[in-house]
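Student: Hi! Could you walk me through the side-chain contacts in this one?
Tutor: Happy to, let's take a look together.

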Amino acid sequence: MIKPCTSARGVVLVVGSSGSLGKPIAAELRRRGETVRLLGRSSESFFKAGYDPDRWDLKVYAPTSGQREGSPFPCEWFVDVKAVICVARPRWSEPDDRYAFEDLIKRLSTAVTMNGVPILLLLGRPYVSVYTFGMTPNMKAYEKAEMYAKWRFDNSTTGSRLTIARIGEISEIGHLLEIAQRIHVWISVRGYNPRLHPIDAVSFAVAVADFVAEQESESITETPELLVGGKEVITW
């Protein structure tokens, strides 16, 4: 049996909270009465996402550029945290951002394990995917980040646990098809199901909040992967 979080830890830290997945998660957690802390790459991103610094606990980290490594995160951001939810993603419009994403996951995994945070829920590669032209550089960045996080947690002695959240997607091609449909350029692709991509952000937020709540139950079951949305198998 895994021991539930101690009373000294009551904060849920959300990374990637200014994005389309992070905003509903932060809102749902707060709606349920959780104490939420947000970690983002800039004050500007928080401002654009509509977060009021007087109402939210906002922490800004310095993202790296190129392939260099960033400095460790301050321990005080993590010592009172019971769960870290990371839904940060590399920006598709910035090819080099995948290096910053990989470095973020390294720094985050290190901070979680070094400070004994009970759980890290990390958004990983989708579990329903069709890559017509092979894996993109960003998908490879997800894969590398997952591998590092798993290695860090496997070699940790603090008892921190890692769960990979996987959502049902058809791949980035689904984005283009969905946009085409929205502007009434109707493209018919055999096997394409617009409900699979992107995942409904609110439904994902509810699943994540339920996962956080389960971590404080009397008996916690280890969950290596959290699969949300879509079907497990599609015919193409």
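**Rings and charges**

Tutor: Let's begin with a charge and a ring: Arg-30 places its charged end over the ring of Trp-56, 3.7 Å from the ring centre. Keep in mind that this is a predicted model.

Student: Thanks! And which ring does the charged end of Lys-106 sit over?
Tutor: That would be the ring of Tyr-148, with the charged end 5.7 Å from the ring centre.

Student: How many aromatic pairs does the structure hold?
Tutor: There are seven aromatic pairs. One of them joins Tyr-148 and Trp-151, a tilted pair with 5.7 Å from centre to centre and 45 degrees between the planes.

Student: Where do Tyr-148 and Trp-151 lie?
Tutor: Both belong to helix α4 (residues 137-154), three residues apart, so about one helical turn separates them.

Student: What is the relative accessible area of Tyr-148?
Tutor: Tyr-148 has 22%, so this residue is partly exposed. Trp-151 also counts as partly exposed, at 48% relative accessibility.

Student: Which residues do ring pairs link into a cluster?
Tutor: That cluster consists of Tyr-61, Phe-73, Trp-77 and Phe-78.

Student: Okay, changing topic. How many salt bridges are there?
Tutor: The count is 15 salt bridges. Among them is the one between Asp-57 and Arg-37, at 2.6 Å from N to O.

Student: What else does Asp-57 form a salt bridge with?
Tutor: Lys-59, where the closest N and O atoms are 3.7 Å apart. Lys-59 counts as partly exposed, with 24% relative accessibility.

Student: What about Glu-225, which residue is its salt-bridge partner?
Tutor: Arg-166, and here the closest N and O atoms are 2.9 Å apart. Glu-225 lies in strand β7 (residues 225-228) and Arg-166 in strand β6 (residues 161-167), so this pair connects parts that are 59 residues apart in sequence. Arg-166 counts as buried at 9% relative accessibility, while Glu-225 is partly exposed at 37%.

Student: Last one: which residues do salt bridges with shared partners join into one network?
Tutor: Glu-28, Arg-31, Arg-32 and Asp-210 make up that network.

Notes:
Residues are numbered from 1 along each chain as its sequence is written. This is a predicted model: local features need pLDDT of at least 70, side-chain atom pairs count only at pLDDT 80 or more; totals for chains, interfaces and linings use all residues. Side-chain values use heavy atoms; hydrogens and water are left out. Rings of Phe, Tyr and Trp (its six-membered ring) pair if their centres lie within 6.5 Å; planes under 30 degrees apart count as stacked, over 60 as edge-to-face and the rest as tilted. Helices (H or I, at least four residues) and strands (E, at least two) are DSSP runs, numbered from the N terminus. Buried means under 20% relative accessible area, exposed over 50%, partly exposed in between (1.4 Å probe, protein chains only). A charge sits over a ring if NZ of Lys or CZ of Arg is within 6 Å of the ring centre and within 35 degrees of the ring normal. A salt bridge is a side-chain nitrogen of Lys or Arg within 4 Å of a carboxyl oxygen of Asp or Glu.
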